[in-house]
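Notebook open, structure on screen. I'm jotting down what I look up, one entry at a time.

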Amino acid sequence: MKLIVGTQEEVIKKAAQRYVKLLNEKPEAVLGLATGSTPLGLYAELVKLCAEGKISFAKCTTFNLDEYIGLDGTHDQSYRYFMNKNLFEKVDIRMEATHVPSGAVKSDEEAEQYDAEIKAAGGIDLQLLGLGVNGHIGFNEPLTPFTSMTHIVKLTDSTREANKRFFASIDEVPTHAYTMGVRDIMQAQRVLMVASGANKAQAIKDAFFGPVTPQVPASILQLHGDVIVIADEAAMSKF
Ligand code: GLP
């Protein structure tokens with residue numbers, strides 16, 4: 001694992017450079033994308049680089065990590081909406097090459113189909129990850145089997161609590177979601193985790209400087225051969 005620590009601005013610039021490098025070397029790359037507050041700065045930087053002609057998404061394919069069940073893509077808190085507004089509509093990507101599980105339906109077939117589409121695309125070249133305060137990746141909550149593929153999860157109280165800031169009240173936070181599994185994430189050629197803020201410090205410590213355990217889903221990344229963690233100083237403050 002390679003760890004890069006810097007200011008928030010440096011974190012964004014360094015993460016963006018990974019995309020410039022990858023998409024210049026392999027324009028048809030398959031990108032695994034993430035939502036949450038943390039990637040917002042990175043997406044804004046990618047939009048800027050695309051407008052400047054330094055990066056193009058025209059040939060790439062994307063798969064998002066997760067989606068709330070019960071919100072369709074037009075709901076402003078759905079991850080499909082988040083991706084459309086913060087990245088897809090602002091760059092030169094083909095909309096049909098962007099994939100987010102459909103939160104409008106709740107079925108195991110939807111999850112299986114998602115994995116089949118990732119496989120058909122040739123697998124993920126670079127998987128972007130944020131980090132949950134409880135060490136989750138995607139919506140793989142503590143104790144999710146490391147062997148899991150895309151599946152339906154019941155969200156923990158701590159995750160619903162952490163995400164309620166985006167909703168009018170906690171009652172509106174969905175109780176279930178689709179997430180790529182831990183194994184999907186481990187099968188990506190490269191993983192790029194971004195973490196910022198003091199509320200991630202304990203999760204960073206547990207994930208990368210403690211034992212590998214399903215209790216901390218992100219800890220499995222210690223066994224991945226090509227992981228870069230880019231964290232700001234606040235997120236590294238417990239190490
Ligand atoms: C959400 C998402 C994760 C994300 C995490 C952290 O629950 N499902 O994919 O990484 O929370 O989000 P944030 O960056 O807003 O702290």
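Predicted model: local features only at pLDDT ≥ 70, side-chain atom pairs only at ≥ 80, totals over all residues.

**Entry 1: the ligand.** I began with His136, where a polar side-chain atom sits 3.2 Å from an oxygen atom of the ligand. Next I checked Gly138, which brings a polar backbone atom to 3.2 Å from a nitrogen atom of the ligand. Ser37 also uses its backbone: an N or O atom there is 2.7 Å from a ligand oxygen. How much of the ligand's own accessible area does the protein cover? I get 93% of 390 Å².

Then I looked up the neighbours. There are 14 residues around the ligand. Which of them come nearest? Ser37, Thr38, Asp66, Arg165 and Lys200 do.

**Entry 2: salt bridges.** How many salt bridges does the structure hold? I find 8. As background, side chains of opposite charge can pair when their charged atoms come close. I went through some of them by hand.

Lys13 and Glu45 came up, with their side chains meeting at 3.5 Å, N to O. Why would I call this a tie between separate parts of the chain? Lys13 belongs to helix H1 (residues 8–25) and Glu45 to helix H2 (residues 40–51), so the pair links parts that are 32 residues apart in sequence. Buried or exposed, I asked of Glu45? Glu45 is buried, at 11% relative accessible area, because anything under 20% counts that way. Lys13 is partly exposed, at 37%.

Glu45 has another salt bridge, this one to Lys48, and here the closest N and O atoms are 3.9 Å apart. Both residues are in helix H2, 3 residues apart, which is about one turn of the helix. Lys48 is partly exposed, with 40% relative accessibility.

I also looked at Asp226 and Arg190, whose closest N and O atoms are 3.1 Å apart in their salt bridge. Asp226 is in the loop between helix H7 (201–208) and strand S10 (227–232), while Arg190 is in strand S9 (residues 190–195), so this pair ties together parts 36 residues apart in sequence. Asp226 is partly exposed at 29%, and Arg190 is partly exposed at 38%. Which residues do shared partners join into one network? Lys13, Glu45 and Lys48.

**Entry 3: a sheet.** I traced an open sheet of 3 strands next; the order is S4-S8-S7 and the pairing is antiparallel.

Then I zoomed in on one pairing. S7 and strand S8 (residues 176–179) run antiparallel to each other over 4 bridges. What stands opposite His151? I find Thr179, in S8.

Conventions
Residues numbered from 1 in each chain as written. Heavy atoms only, no water. Salt bridge = Lys/Arg side-chain N within 4 Å of Asp/Glu carboxyl O. Helix = DSSP H or I, 4+ residues; strand = E, 2+ residues; numbered from the N terminus. Buried < 20%, exposed > 50% of the residue type's maximum accessible area, 1.4 Å probe, protein only. Pairing = 2+ DSSP bridges. Near = heavy atom within 4 Å. Polar contact = N/O pair within 3.5 Å; in protein donor to acceptor, adjacent residues only side chain to side chain. Areas by Shrake-Rupley, 256 points an atom, 1.4 Å probe, with all protein chains shown as cover.
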